[in-house]
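The following note sets out several points for a colleague to consider alongside the coordinates.

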Amino acid sequence: MTNCIESKKGITTNGYSRIRFGNKSIQAHRWTWELINGEIPAGLVIDHICKNKKCVVVDHLRMVTQQENIMAGLRNIDNRTHCNQGHPFVKENIMVRVNGRRECAECNRIRARKNYARKVSA
Ligand SMILES: [Zn+2]
Ligand SMILES: [Zn+2]
């Protein structure tokens, strides 16, 4: 694979680079993709094969569905098959945060229930 070219513009808290156009902004890698391949259809996301979120080399990008991206992430970054509490990391049990982190949906439900219990008992 060729070397990554990183966009240094407007790095967001989730590690992606955003380019501003007037009052709109777009992720740098999405912008590069659209420039070459045309508009990204709704529901599809651009995944970095090189795992470098700031990279804008089109050869390092691929268009996948959100779900494929989650599963690819599971395999490549986080190959745990269960969360820390032992709940299986199957696609029905994965929550994806805006920052791209995956979380166990079951643990989130348990946490939410605890928070609720604390609130009503306070
Ligand atoms: Zn790259
Ligand atoms: Zn869990």
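Predicted model: local features only at pLDDT ≥ 70, side-chain atom pairs only at ≥ 80, totals over all residues.

1. Loop residue G86. G86 sits in the loop that runs between α2 and β5 (94–96). G86 is classed as exposed because it has 9 C-beta neighbours inside 10 Å, and a residue with 12 or fewer is exposed by the cut-off applied. Its C-alpha atom lies 9.7 Å from that of C107, with a separation of 21 residues in sequence.

2. Loop residue F89. The loop between α2 and β5 also holds F89. Is F89 buried or exposed? F89 has 21 C-beta neighbours inside 10 Å and therefore counts as buried, the threshold for burial being 20 or more. Between the C-alpha atoms of F89 and C104 the distance is 6.9 Å, although 15 residues separate the two along the chain.

3. Helix α3. This helix covers residues 105–121, which is 17 residues. Helix α3 is hardly covered, with a count of 0 buried residues among its 17.

4. Burial and contacts in the chain. Of the 122 residues, 8% count as buried. Where contacts join residues at least 6 apart in sequence, 34% of them link residues at least 24 apart.

5. Order of elements. The chain contains 3 helices and 6 strands. Along the sequence these elements follow the pattern β-β-α-β-β-α-β-β-α.

6. The hairpin of β1 and β2. Strand β1 (residues 18–21) pairs with strand β2 (residues 24–27) in the antiparallel sense, over 4 bridges. R18 has Q27 in β2 as its bridge partner. The hairpin has 2 residues between the strands, and G22 adopts a positive phi near 60°.

7. Confidence. The mean pLDDT of the chain is 85, and 89% of its residues reach 70 or more. Which helix has the lowest confidence in the chain? Helix α2 (residues 66–76) does, at a mean of 66, whereas helix α1 (residues 28–37) has the highest, at 94.

Methods. Residues numbered from 1 in each chain as written. Chains lettered and ligands numbered in written order. pLDDT = per-residue confidence, 0-100. Pairing = 2+ DSSP bridges. Contact = placed C-beta atoms within 7 Å. Expected span 1.5 Å × (residues − 1).
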